[in-house]
Amino acid sequence: MNPMPIFDPADAERGSKSHRAARQFSLDSGPQALHEAIHQVLVTESDEQLTQIEVTGSAGQHSVLMRLDHLIRIQMKGPLGDYAFAFNSQADIRTTGEVGNGVAEGMVSGAVRVRGDAGVGAGAGLTGGTLAIYGTVGDRCGAAMRGGGIFVRGDVGDETGVGALNGMIVIGGNAGHNLGDAMSNATVFIRGSAASLAVGVTEAPLRKREQLRLGLLLINASIRGDAKEFRRIVPVALLEAEASERGELSPNWR
Amino acid sequence: MNERLDEICFLPPAADTPWAGAPENDLSTMVARADGEQVAIDLPLFWYDPPWSQIGIETANVIASAVARLGVTVSALRSDLSLADREPELHQVITDEAADDSNPGAVFLPRMIPYRPERYGLNGRDFDGARVVDVRLAMRRDMAGRFAFTPDQIERWEATDDDSPLAGGGWVPVASFPPDVDGMHNLSGKFSQLRLLSQDAAVFVSISPHRLTTELPAVLASQPDGVVLRLGELNLSGLALAGFVQQARRMMDDQQCGHVPLWIVPGKITVDDAAKLMALGATAVAIDSWCEVLLDDVRDSEQNHNASFSYSSLSASNHQQWVDWIECDLASQVERFGGLLHSMRYQPPGQRLAAFSQEWAETLDLVSLNLPFDSDA
């Protein structure tokens with residue numbers, strides 16, 4: 001087991017200013033000790049130059065780094081199990097390797113970037129922030145999300161966006177069955193094809209302002225592609241409300 | 001309210017029982033988490049599904065904490081009871097007279113988190129200080145009979161501008177199973193995650209009774225810290241209610257889960273019914289029906305007030321009147337419940353109840369009183 005790094009606030013401050021190698025922490029310390037140690041790291045005020053740390057020891061552990069609320073950049077390498085980064089705020093996490101089910105469940109803000117595949121329920125209950133997965137994702141990606149954005153470079157499984165109340169899902173590849181099932185104010189952008197759309201959602205043209213917005217989001221998520229290549233999937237009622245140009249939704253969609 | 005279990009009575013000790021003092025009067029229990037931690041439950045009573053969205057948010061905040069102060073575990077999210085920038089009373093740290101330098105831990109009112117598959121309205125801070133996380137499986141109906149959340153619920157949890165309500169202000173379908181769990185066989189992983197997120201809470205799972213014989217063993221295999229059985233979803237006779245509780249308890253015992261708490265949501269019951277359910281195998285009983293009269297009064301007052309004063313808040317005196325009801329009327333029911341539980345301890349388990357009728361006695365394996373005349377006489 002790697003020893004728990006001894007925290008030295010002065011050292012952390014020097015590290016953040018001089019761009020020296022990121023400090024190392026280990027998952028072997030246990031989730032609670034690691035959580036506390038990360039929260040003790042002093043951070044910079046600048047969003048553009050976040051204090052960086054590296055967390056080692058990824059070997060498929062479950063429930064890693066949940067409920068972080070710290071403006072810090074974390075690099076990880078290796079596979080992770082289920083429910084990694086659940087209910088996080090502020091933290092900008094980049095991990096290489098596959099992740100299990102429920103990655104970034106209920107994330108509030110910040111970002112999680114996964115260079116690998118993810119299991120089912122990625123981003124379930126997301127309320128804010130960005131989840132980017134540079135691989136494929138299982139079923140029910142973005143289920144019940146209430147805000148934020150999910151970007152998937154590859155394919156997604158069935159029931160993507162099921163029960164999503166708000167937010168955006170961008171799919172670089174194809175989608176499985178029932179895309180957008182029971183979705184409310186959420187929007188899906190898809191480059192490939194869907195095995196089937198759910199009842200009550202439809203394909204809609206990408207408006208100019210959405211092209212611009214999506215283009216920026218693709219750049220931000222480091223996903224290659226032109227926004228024009230994507231199509232928009234929205235609830236029929238939302239589209240009708242847009243068409244009415246009233247800026248409000250018709251009551252009782254269903 | 002009629003007693004549903006009026007065919008059963010409490011069986012006192014026999015006349016020749018020697019005087020041996022009173023048994024222990026402490027009603028609190030400890031729930032053992034699968035990871036070995038212990039969670040204290042003040043009273044074997046809980047308010048399972050308060051319709052918070054049907055009453056004003058400030059009133060909900062006052063009522064929830066007042067009920068919890070009786071020792072009843074109250075189910076609520078932060079978003080049920082307050083806006084984002086305020087801390088609900090139910091979620092605040094309370095002063096603990098028992099806390100000292102050697103035990104400085106923060107103490108909260110008894111609270112359970114409804115962890116629905118959809119997680120609408122759930123905030124990470126909800127996990128702090130909770131006693132129970134209730135992983136709710138199986139779809140539930142709204143008042144119209146749909147498997148859906150009402151617009152009021154969605155509006156309470158996910159407040160938006162009045163001119164852009166979520167789902168267009170309509171109902172939102174409910175889920176049955178957490179979307180990030182890959183089947184019942186992986187439910188134990190979800191429970192482990194929740195134990196980490198809520199380190200002072202026991203993780204329970206709640207199910208409907210419709211497929212008890214298959215679903216109860218399946219959830220028990222996932223090692224929850226407790227089970228909540230929502231018997232109120234069936235319109236059961238008193239005998240069926242009692243039978244279900246006994247059957248569930250026996251199934252748990254047979255699966256080497258005798259130590260796992262069985263919390264019952266029975267629908268409408270009296271205080272005496274609740275105590276009898278405890279004798280039949282329940283570990284705690286929901287008091288939702290005891291609070292209905294209070295909520296009816298709150299709804300009426302709020303409607304009348306809104307009609308007269310255009311949706312301004314009710315005054316503190318209105319709130320005090322409901323707190324008074326909780327501290328007098330509800331507290332007296334809780335007191336009687338506690339008294340009945342204490343009296344039952346004079347008898348060993350299995351000898352605490354008797355049935356008036358042969359049918360009930362045989363079905364529930366109870367002593368039959370064999371009265372020489374009709375008990376209603």
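Buried area, as I use it here, is the accessible area (1.4 Å probe) that two parts lose on being put together, summed over both. The size of an interface is often given this way, as the accessible area lost when the parts come together. For this pair, chain B and chain A bury about 2,600 Å² between them, and 56% of that is on carbon and sulfur atoms. Within the share that chain B buries against chain A, 20% is supplied by Pro179(B), Asp180(B) and Gln193(B), more than any other three residues.

Some housekeeping. This is a predicted model, where local features need pLDDT of at least 70 and side-chain atom pairs count only at pLDDT 80 or more, while totals for chains, interfaces and linings use all residues. Residues are numbered from 1 along each chain as its sequence is written, chains are lettered from A and ligands numbered from 1 in the order in which they are written, and side-chain values use heavy atoms, with hydrogens and water left out.

Back to the interface. Counting contact as heavy atoms within 4.5 Å, 32 residues of chain B touch 32 residues of chain A.

What holds charge across it? A salt bridge here is a side-chain nitrogen of Lys or Arg within 4 Å of a carboxyl oxygen of Asp or Glu. By that rule there are four salt bridges across the interface of chain B and chain A. One of them pairs Arg146(A) with Glu158(B), with the closest N and O atoms 2.6 Å apart. On the side of chain B that touches chain A, the elements giving two or more residues are strand S11 (172-173) and helix H4 (187-197) of chain B. Helices (H or I, at least four residues) and strands (E, at least two) are DSSP runs, numbered from the N terminus. H4(B) gives the largest share of that side, five residues. By type, the residues on that side of chain B are 15 nonpolar, eight polar and nine charged; Ala, Val, Leu, Ile, Met, Phe, Trp, Tyr, Cys and Pro count as nonpolar, Asp, Glu, Lys and Arg as charged, and the others, Gly among them, as polar.

Over all chains, the search finds 29. Arg73(A) and Asp92(A) form one, with 3.2 Å between the closest N and O atoms. Arg73(A) sits in strand S3 (residues 73-77) of chain A and Asp92(A) in strand S4 (residues 92-96), 19 residues apart. For exposure, buried means under 20% relative accessible area, exposed over 50%, and partly exposed in between (1.4 Å probe, protein chains only). Arg73(A) is buried at 14%, and Asp92(A) is buried at 9%.

Asp92(A) also meets Arg113(A) in a salt bridge, 3.4 Å from N to O. Arg113(A) lies in strand S5 (residues 111-115) and Asp92(A) in strand S4 of chain A, so this pair ties together parts that are 21 residues apart in sequence. Arg113(A) is buried too.

A further case is Arg191(A) with Glu229(A), at 2.9 Å between the closest N and O atoms. Both are in loops of chain A, 38 residues apart. Arg191(A) is partly exposed at 24%, and so is Glu229(A) at 40%.

Last, chain A as a whole. Chain A has four helices and eleven strands, and 56% of its 254 residues are buried.
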